[in-house]
Amino acid sequence: MSTGVQDAVARGIARHGRLRTGMLGLLVGVQSELGQISGETLDAIARALGLPRAQVEATASFYHLLHVDNHGAYEILFSDSIVDQMQGQRDLMQYLCERLWIQPGKASEDGLVYVDITSDIGMGDQGPAALVNGYTLPSLDRNRLDLIASLVREGKPLEAWPRMLFVVADNVRRAGPLLAKAFEPGSAVRRALELGSDGLLAELDLSNLRGRGGAYYKTATKLRSCREARGAAHYVVCNADEGEPGTFKDRALLQSHADLVLDGITVLAFVIGARRGFIYLRGEYLYLHASLEAALDRRRATGLLGTAILGRSGFDFDIEIRLGAGAYICGEETALIESLEGKPGKPRNRPPYPDTRGYLGAPTVVNNVETCACVARIAVEGGAWFASIGTSHSSGSKLLSVSGDCKRPGVYEHAFGVTVRQVLEDCGAVHPQAVQVGGPSGTCVSWKEFERRIAIEDLPTAGAFMVFSRERDMFEVARNFTHFFARESCGFCTPCRVGTTLLRNTMDKLAAGKGSAYDLRQMSALMDIMLRASHCGLGHTAANPVVQTMEEFPESYERRLAHLDFEPAFDLDAALDTARLITGRDDDWAHVLSEES
Ligand code: SF4
């Protein structure tokens with residue numbers, strides 16, 4: 001074994017330990033040192049952790065940001081969301097590839113650089129964007145790419161690249177009850193100690209807070225169930241795996257309101273009696289890692305984390321940041337827990353739910369970043385205050401990540417109940433024909449329904465709000481989403497694994513002008529199977545964009561239909577050209593004859 005691999009694995013073990021739970025961090029760290037996870041590295045990690053190599057390889061091959069082949073000294077991955085594409089991402093990527101004399105998806109021959117696409121990286125408000133060795137490059141244009149190409153050719157280390165290339169704005173355009181008022185670090189924890197865990201739980205109950213990740217389960221109910229569940233330990237997890245395309249509000253919270261979130265996590269730990277918590281930070285937000293670690297250190301230094309928090313004997317709690325490595329499905333809470341345990345992030349069977357059997361089989365509450373921030377505000381301002389905002393079913397406010405065809409993309413905080421039309425006016429939407437609320441798995445709202453309201457009882461959303469003008473082709477929007485789901489299906493169950501691929505292929509076939517009414521019928525049947533038979537929410541919702549755009553914008557499908565009957569996407573006769581050449585045959589029997597001939 002080479003000493004380079006040995007040393008890198010030894011350093012990784014020193015940092016992440018020898019338990020399987022540290023394996024994802026170990027893999028990420030070793031890759032960032034060595035540029036790849038080779039077979040030799042997999043063997044070394046398996047030996048060091050005392051695991052079969054197959055288990056290490058299963059994890060390493062599951063995550064998009066990990067790779068076994070060499071991607072060179074600079075790996076540049078362009079975000080491929082529909083919004084990035086609308087801002088010219090494809091042309092820019094091609095431009096950079098030409099400047100670097102490479103092809104997308106292939107490392108340069110000298111092993112210097114690799115350029116490709118990846119799923120949405122959470123920069124819909126400042127795209128087109130890319131990652132270089134995991135760090136975010138927002139607001140790309142040709143001038144920036146010229147500079148990046150010369151930095152790559154010079155072989156300049158990332159630390160020496162101009163800082164302005166990496167500046168991410170938080171873009172909070174409208175602050176409301178959650179964000180407008182300054183927050184004093186520790187104020188929620190202090191108030192929690194005054195109220196006691198029962199008092200605090202009563203406030204959360206009164207607030208009617210529901211999880212902001214999209215499922216909208218009542219937070220107090222989940223906490224009560226977790227607190228009452230028996231286990232050697234209890235855990236709190238903050239789900240910062242914000243992977244739904246078009247969503248970036250958690251990024252803004254973690255960047256500019258970290259203490260609000262960290263107070264919320266600490267308060268949750270107080271309620272359920274947890275001594276250990278995690279922030280599962282999506283790998284695409286690597287740029288936030290250092291500032292969050294610094295915030296945790298500040299809190300340890302001021303008695304807001306560690307033993308006897310704020311002097312309360314027995315209240316011991318600390319938070320660890322665990323980095324993801326590129327897998328949309330890890331936003332699903334049981335997949336996230338699998339990932340925390342060092343495994344491929346595949347959703348578990350439910351029940352049991354994590355609140356009774358989560359991380360390492362122990363009671364665990366998993367809450368979205370925004371939910372944690374709401375918990376902190378409720379602790380300080382009270383449950384009645386929170387319940388007085390919004391609608392009778394949906395209390396509080398919602399952070400919306402607004403992107404697409406509008407003059408002022410960014411994060412907008414509105415009380416629940418705001419109309420789609422109001423948000424469109426706020427952001428300066430340009431001739432909007434539709435809004436995708438909640439990302440690809442959410443709802444496509446056409447111009448006829450702009451009076452609908454952002455609320456659990458009407459349009460529930462985790463936060464994405466993508467605006468599409470009249471000039472946009474909604475078929476292409478749906479096609480982009482089918483590519484996203486096919487890439488992100490975890491492969492665990494057949495209806496989703498095969499269904500997402502067939503959907504993507506059929507949409508590509510329609511786009512190529514080879515589709516027929518038969519294909520539309522086939523897609524409808526397929527979508528029905530996926531909805532009924534898939535294991536988790538990804539499979540249940542993956543067909544939503546096609547279903548909804550077919551309903552709302554049928555003309556964008558119909559004009560692509562070549563025939564009313566079946567039209568094959570594959571030309572079998574043309575595929576036999578090579579065989580005919582090799583055998584020297586060109587007679588009728590060497591051709592697939594059409595019905596007319
Ligand atoms: Fe994985 Fe899709 Fe099945 Fe969910 S529905 S478990 S993402 S294959």
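Q: A salt bridge is a side-chain nitrogen of Lys or Arg within 4 Å of a carboxyl oxygen of Asp or Glu. On that basis, what do the side chains of arginine 452 and glutamate 449 form?
A: A salt bridge, with N and O at 3.5 Å. Bear in mind that this is a predicted model.

Q: How many salt bridges does the structure hold?
A: There are 47.

Q: Which residues are linked in a network?
A: Asp473, Glu476, Arg479, Asp508, Arg559 and Arg560 are tied together by salt bridges.

Q: What about aspartate 297 and arginine 300?
A: Their side chains form a salt bridge, 2.8 Å from N to O. Both sit in helix H12 (residues 289-301), three residues apart, so about one helical turn separates them.

Q: How accessible is aspartate 297?
A: Its relative accessibility is 44%, which means partly exposed. Arginine 300 is partly exposed as well, at 31%.

Q: Which residue pairs with glutamate 284?
A: Arginine 282 does, through a salt bridge whose closest N and O atoms are 3.2 Å apart.

Q: Are glutamate 284 and arginine 282 buried or exposed?
A: Both are buried.

Q: Switching to packing. How many residues are in the largest nonpolar core?
A: It has 69. Val261, Ile265, Ile279, Leu281 and Phe317 have the most contacts inside it.

Q: Which helix gives the largest share?
A: Helix H11 (residues 258-272), with 11 residues.

Q: Where does this core lie, and why?
A: Between domain 2 (74-169) and domain 3 (174-387), because both give residues to it.

Q: What does leucine 281 touch?
A: Beyond its neighbours within four places in sequence, leucine 281 contacts Ala240, Leu254, His289, Leu292, Ile321, Arg322, Leu323 and Gly324.

Q: What about the second core?
A: That one is separate and has 60 residues. Ala8, Phe278, Phe484 and Ala542 are among them.

Q: Where is tyrosine 74?
A: In strand S1 (residues 74-79). Tyrosine 74 has 4% relative accessibility, so it counts as buried.

Q: What surrounds tyrosine 74?
A: Leaving out neighbours within four places in sequence, its contacts include Leu112, Tyr114, Val132, Leu151, Pro157 and Trp161. Glycine 134 is 60 residues away in sequence, with a C-alpha separation of 9.7 Å from tyrosine 74.

Q: And which strand holds serine 403?
A: Strand S10 (residues 397-404). Serine 403 is buried, with a relative accessible area of 0%.

Q: Which residues does serine 403 contact?
A: Setting aside neighbours within four places in sequence, they are Val83, Gly124, Asp125, Phe248, Pro409, Phe465, Met466 and Val467. The C-alpha atom of serine 403 is also 10.0 Å from that of glutamine 436, 33 residues along the chain.

Q: Where is proline 351?
A: In the loop between helix H13 (333-340) and strand S9 (364-368). Proline 352 is placed in the loop between H13 and S9 as well.

Q: What is phi at tryptophan 101?
A: Near 60°, a positive value in a residue other than glycine. Most residues other than glycine have a negative phi.

Q: Is tryptophan 101 buried or exposed?
A: Exposed, with a relative accessible area of 78%. Tryptophan 101 is in the loop between helix H6 (89-100) and strand S2 (113-118).

Q: And what about phi at alanine 308?
A: Alanine 308 has a positive phi, near 45°. It lies in the loop between H12 and strand S8 (318-323). At 32% relative accessibility, alanine 308 is partly exposed.

Note on methods
Residues numbered from 1 in each chain as written. Predicted model: local features only at pLDDT ≥ 70, side-chain atom pairs only at ≥ 80, totals over all residues. Heavy atoms only, no water. Core = buried A, V, L, I, M, F, W, Y, C linked by side-chain atoms within 4.5 Å. Buried < 20%, exposed > 50% of the residue type's maximum accessible area, 1.4 Å probe, protein only. Helix = DSSP H or I, 4+ residues; strand = E, 2+ residues; numbered from the N terminus. Domains from an automatic or database assignment. Contact = heavy atoms within 4.5 Å.
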